[in-house]
Amino acid sequence: MKCEIIKDLFPSYIDHLTSPESNLEIEEHLQNCSQCRETLAQMKEEVSVEEPLYDKKKINPFKKLNRKILQSVIITLTVYALLVGSYFYFFGIGWKVNSNNMEITYSCEEDAIIFDFELTDDKVLTMWHIRRNHEDYTGPEMVVRECFESILDDRGKYPNQFSYGINCLDEDGNLKPFMKEETITLHYKDKTETIYLKDVAKELGIEIS
Ligand SMILES: [Zn+2]
(Lines give C-alpha, C1' and ligand atoms only; values in the text may rest on other atoms or scores of the structure.)
Protein backbone atom coordinates (compact mmCIF):
# COMPACT_ATOMS: atom_id res chain seq x y z
CA MET A 1 0.00 0.00 0.00
CA LYS A 2 1.14 3.53 -0.77
CA CYS A 3 2.48 5.69 2.02
CA GLU A 4 -0.20 8.36 1.37
CA ILE A 5 -3.03 5.88 1.87
CA ILE A 6 -1.38 4.55 5.03
CA LYS A 7 -0.96 8.04 6.40
CA ASP A 8 -4.59 8.81 5.66
CA LEU A 9 -5.54 5.87 7.86
CA PHE A 10 -3.38 6.95 10.80
CA PRO A 11 -5.94 9.14 12.60
CA SER A 12 -8.46 6.32 12.61
CA TYR A 13 -5.74 3.81 13.44
CA ILE A 14 -4.64 5.86 16.46
CA ASP A 15 -8.24 6.02 17.63
CA HIS A 16 -8.58 2.24 17.15
CA LEU A 17 -11.28 2.75 14.57
CA THR A 18 -9.67 0.82 11.77
CA SER A 19 -10.67 -2.73 10.90
CA PRO A 20 -8.41 -5.68 11.84
CA GLU A 21 -7.60 -6.09 8.11
CA SER A 22 -6.48 -2.48 7.81
CA ASN A 23 -4.49 -2.84 11.00
CA LEU A 24 -2.62 -5.75 9.51
CA GLU A 25 -1.86 -3.79 6.34
CA ILE A 26 -0.75 -0.77 8.32
CA GLU A 27 1.48 -2.73 10.69
CA GLU A 28 3.02 -4.64 7.86
CA HIS A 29 3.77 -1.39 6.05
CA LEU A 30 5.20 0.20 9.17
CA GLN A 31 7.69 -2.65 9.56
CA ASN A 32 9.17 -1.74 6.21
CA CYS A 33 8.73 2.04 6.12
CA SER A 34 10.65 4.14 8.58
CA GLN A 35 9.11 7.36 7.24
CA CYS A 36 5.58 6.24 8.09
CA ARG A 37 6.75 4.96 11.46
CA GLU A 38 8.08 8.41 12.17
CA THR A 39 4.90 10.10 10.96
CA LEU A 40 2.77 7.81 13.12
CA ALA A 41 4.97 8.39 16.16
CA GLN A 42 4.65 12.14 15.62
CA MET A 43 0.89 11.96 15.21
CA LYS A 44 0.53 9.85 18.36
CA GLU A 45 2.58 12.38 20.27
CA GLU A 46 0.45 15.26 19.02
CA VAL A 47 -2.69 13.46 19.99
CA SER A 48 -1.42 12.69 23.47
CA VAL A 49 -0.37 16.31 23.93
CA GLU A 50 -3.66 17.56 22.56
CA GLU A 51 -5.81 15.40 24.74
CA PRO A 52 -5.02 16.94 28.12
CA LEU A 53 -5.39 20.37 26.52
CA TYR A 54 -8.74 19.31 25.24
CA ASP A 55 -9.66 18.12 28.76
CA LYS A 56 -8.52 21.35 30.33
CA LYS A 57 -10.63 23.36 27.97
CA LYS A 58 -13.60 21.13 28.64
CA ILE A 59 -13.38 20.76 32.38
CA ASN A 60 -11.38 23.59 33.91
CA PRO A 61 -13.43 26.45 32.48
CA PHE A 62 -16.39 24.80 34.10
CA LYS A 63 -14.61 24.68 37.46
CA LYS A 64 -13.50 28.26 36.99
CA LEU A 65 -17.05 29.20 36.13
CA ASN A 66 -18.29 27.57 39.34
CA ARG A 67 -15.70 29.45 41.35
CA LYS A 68 -16.65 32.67 39.57
CA ILE A 69 -20.34 32.12 40.26
CA LEU A 70 -19.57 31.42 43.92
CA GLN A 71 -17.38 34.52 44.10
CA SER A 72 -20.01 36.75 42.55
CA VAL A 73 -22.67 35.31 44.85
CA ILE A 74 -20.49 36.08 47.87
CA ILE A 75 -19.72 39.58 46.55
CA THR A 76 -23.39 40.21 45.83
CA LEU A 77 -24.40 39.07 49.32
CA THR A 78 -21.68 41.18 50.93
CA VAL A 79 -22.67 44.27 48.96
CA TYR A 80 -26.33 43.62 49.79
CA ALA A 81 -25.55 43.24 53.50
CA LEU A 82 -23.51 46.45 53.45
CA LEU A 83 -26.28 48.32 51.66
CA VAL A 84 -28.98 47.09 54.02
CA GLY A 85 -26.72 47.75 57.02
CA SER A 86 -25.90 51.26 55.80
CA TYR A 87 -29.55 51.94 55.13
CA PHE A 88 -30.54 50.99 58.66
CA TYR A 89 -27.64 52.95 60.09
CA PHE A 90 -28.21 56.17 58.15
CA PHE A 91 -32.01 56.05 58.08
CA GLY A 92 -32.86 54.16 61.23
CA ILE A 93 -30.41 53.47 64.02
CA GLY A 94 -28.41 56.63 63.45
CA TRP A 95 -25.81 58.07 65.75
CA LYS A 96 -25.70 59.98 69.01
CA VAL A 97 -26.56 63.66 68.84
CA ASN A 98 -24.16 66.41 69.78
CA SER A 99 -25.75 68.35 72.63
CA ASN A 100 -25.15 71.64 70.79
CA ASN A 101 -27.71 70.55 68.20
CA MET A 102 -30.49 70.08 70.73
CA GLU A 103 -32.97 72.61 72.02
CA ILE A 104 -35.22 71.70 74.92
CA THR A 105 -38.27 73.68 76.01
CA TYR A 106 -40.66 72.90 78.85
CA SER A 107 -44.31 73.73 79.18
CA CYS A 108 -47.12 72.86 81.52
CA GLU A 109 -50.28 71.28 80.17
CA GLU A 110 -53.31 70.33 82.25
CA ASP A 111 -51.84 67.29 83.92
CA ALA A 112 -48.25 67.05 82.70
CA ILE A 113 -44.99 68.79 82.16
CA ILE A 114 -44.21 68.54 78.47
CA PHE A 115 -40.61 68.41 77.32
CA ASP A 116 -40.20 69.45 73.70
CA PHE A 117 -36.96 68.26 72.17
CA GLU A 118 -35.94 69.76 68.87
CA LEU A 119 -32.92 69.08 66.71
CA THR A 120 -31.54 72.23 65.12
CA ASP A 121 -29.64 70.37 62.41
CA ASP A 122 -32.86 69.19 60.71
CA LYS A 123 -32.13 65.50 61.09
CA VAL A 124 -34.61 62.91 62.31
CA LEU A 125 -34.64 62.73 66.10
CA THR A 126 -34.98 59.35 67.78
CA MET A 127 -35.01 58.94 71.54
CA TRP A 128 -33.98 55.52 72.75
CA HIS A 129 -35.34 54.70 76.19
CA ILE A 130 -33.04 52.74 78.39
CA ARG A 131 -34.99 50.71 80.88
CA ARG A 132 -33.38 50.66 84.24
CA ASN A 133 -35.03 48.55 86.85
CA HIS A 134 -32.59 49.26 89.59
CA GLU A 135 -33.91 50.25 93.00
CA ASP A 136 -32.74 53.86 92.89
CA TYR A 137 -34.67 54.59 89.71
CA THR A 138 -35.14 58.35 89.54
CA GLY A 139 -36.77 58.79 86.15
CA PRO A 140 -36.55 58.09 82.45
CA GLU A 141 -33.17 57.73 80.83
CA MET A 142 -32.81 58.25 77.09
CA VAL A 143 -30.11 58.04 74.47
CA VAL A 144 -30.50 60.93 72.03
CA ARG A 145 -29.90 59.80 68.47
CA GLU A 146 -30.42 61.22 65.03
CA CYS A 147 -30.48 59.89 61.48
CA PHE A 148 -31.25 61.07 57.98
CA GLU A 149 -34.83 61.35 56.85
CA SER A 150 -35.80 58.61 54.44
CA ILE A 151 -38.35 59.18 51.71
CA LEU A 152 -39.55 55.66 52.40
CA ASP A 153 -40.97 56.29 55.84
CA ASP A 154 -43.44 58.80 57.14
CA ARG A 155 -42.17 60.49 60.26
CA GLY A 156 -44.67 63.28 60.26
CA LYS A 157 -44.21 66.94 59.56
CA TYR A 158 -41.50 67.57 62.14
CA PRO A 159 -39.26 64.52 62.36
CA ASN A 160 -36.68 66.67 64.16
CA GLN A 161 -39.00 67.07 67.14
CA PHE A 162 -39.99 64.81 69.98
CA SER A 163 -42.28 65.46 72.94
CA TYR A 164 -42.26 63.73 76.27
CA GLY A 165 -44.75 64.23 79.08
CA ILE A 166 -44.36 63.63 82.79
CA ASN A 167 -47.45 63.57 84.91
CA CYS A 168 -47.51 66.34 87.50
CA LEU A 169 -50.83 65.62 89.23
CA ASP A 170 -51.54 63.23 92.05
CA GLU A 171 -54.54 60.86 92.31
CA ASP A 172 -56.77 63.70 93.52
CA GLY A 173 -55.90 65.92 90.58
CA ASN A 174 -53.71 68.26 92.57
CA LEU A 175 -50.22 69.34 91.62
CA LYS A 176 -47.77 66.98 93.21
CA PRO A 177 -44.37 67.84 94.53
CA PHE A 178 -41.38 66.39 92.71
CA MET A 179 -38.69 64.73 94.72
CA LYS A 180 -35.28 66.32 94.76
CA GLU A 181 -33.82 63.31 92.92
CA GLU A 182 -36.45 62.92 90.21
CA THR A 183 -34.79 63.44 86.87
CA ILE A 184 -34.73 62.90 83.14
CA THR A 185 -31.34 61.75 81.95
CA LEU A 186 -30.20 62.38 78.39
CA HIS A 187 -27.18 60.67 76.86
CA TYR A 188 -25.56 62.74 74.11
CA LYS A 189 -22.45 62.06 72.08
CA ASP A 190 -20.46 64.60 74.06
CA LYS A 191 -22.08 64.44 77.48
CA THR A 192 -24.82 63.17 79.73
CA GLU A 193 -27.35 65.75 80.82
CA THR A 194 -29.50 65.41 83.89
CA ILE A 195 -32.66 67.48 84.12
CA TYR A 196 -34.12 67.84 87.62
CA LEU A 197 -37.92 67.87 87.54
CA LYS A 198 -38.04 70.00 90.67
CA ASP A 199 -36.04 72.72 88.87
CA VAL A 200 -38.28 72.50 85.81
CA ALA A 201 -41.40 72.79 87.99
CA LYS A 202 -39.87 75.80 89.65
CA GLU A 203 -39.16 77.44 86.28
CA LEU A 204 -42.73 76.77 85.21
CA GLY A 205 -44.11 78.18 88.45
CA ILE A 206 -45.82 74.94 89.49
CA GLU A 207 -43.44 74.01 92.24
CA ILE A 208 -44.96 72.61 95.39
CA SER A 209 -42.77 72.44 98.39
ZN1 LIG B 1 5.31 4.35 4.10
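Q: In what order do the elements of the protein run from the N terminus on?
A: In this predicted model, the order is α-α-α-β-β-β-β-β-β-β-β-α.

Q: What makes the protein more spread out than a compact globule?
A: Set its radius of gyration against the globule rule: the rule gives 17 Å for 209 residues, and the protein comes out at 43 Å, well over that value, so it is more spread out than a compact globule. The C-alpha trace can be described along its principal axes too, where it spans about 130 × 35 × 30 Å. As for burial, buried residues make up 11% of the 209 residues.

Q: How do you know that β4 and β5 pair, and in which sense?
A: Two strands pair if at least two bridges are found between them. Strands β4 (residues 124-130) and β5 share seven bridges, in the antiparallel sense. One of the residues involved is T126, whose bridge partner in β5 is R145.

Q: Why does β1 count as a partner of β5?
A: The cut-off is at least two bridges, and β1 (residues 95-96) has two bridges with β5 (residues 141-147), so the strands pair, here in the antiparallel sense. Within this pairing, K96 stands opposite R145 in β5.

Q: What is the sense of the pairing between β5 and β7?
A: These two strands run parallel, with three bridges between β5 and β7 (residues 183-187). For V143, the bridge partner in β7 is H187.

Q: Why is P140 called partly exposed?
A: P140 has 18 other C-beta atoms within 10 Å.

Q: Which residues is P140 in contact with, leaving aside its neighbours within four places in sequence?
A: They are H129 and I184. P140 and H129 are eleven residues apart along the chain, and their C-alpha atoms are separated by 7.2 Å.

Q: Which residues touch the most other members of the largest nonpolar core?
A: In this core of 15 residues, they are I113 and A201. The elements giving two or more residues to the core are β3 (112-119), β4, β7 and α4 (197-204). Beyond its neighbours within four places in sequence, I113 has contacts that include Y106, I166, V200, A201 and L204.

Terms used. Residues numbered from 1 in each chain as written. Predicted model: local features only at pLDDT ≥ 70, side-chain atom pairs only at ≥ 80, totals over all residues. Helix = DSSP H or I, 4+ residues; strand = E, 2+ residues; numbered from the N terminus. Buried ≥ 20, exposed ≤ 12 C-beta atoms within 10 Å, placed from the backbone. Contact = placed C-beta atoms within 7 Å. Core = buried A, V, L, I, M, F, W, Y, C linked by C-beta atoms within 7 Å. Rg over C-alpha atoms; globule rule 2.2 N^0.38 Å.
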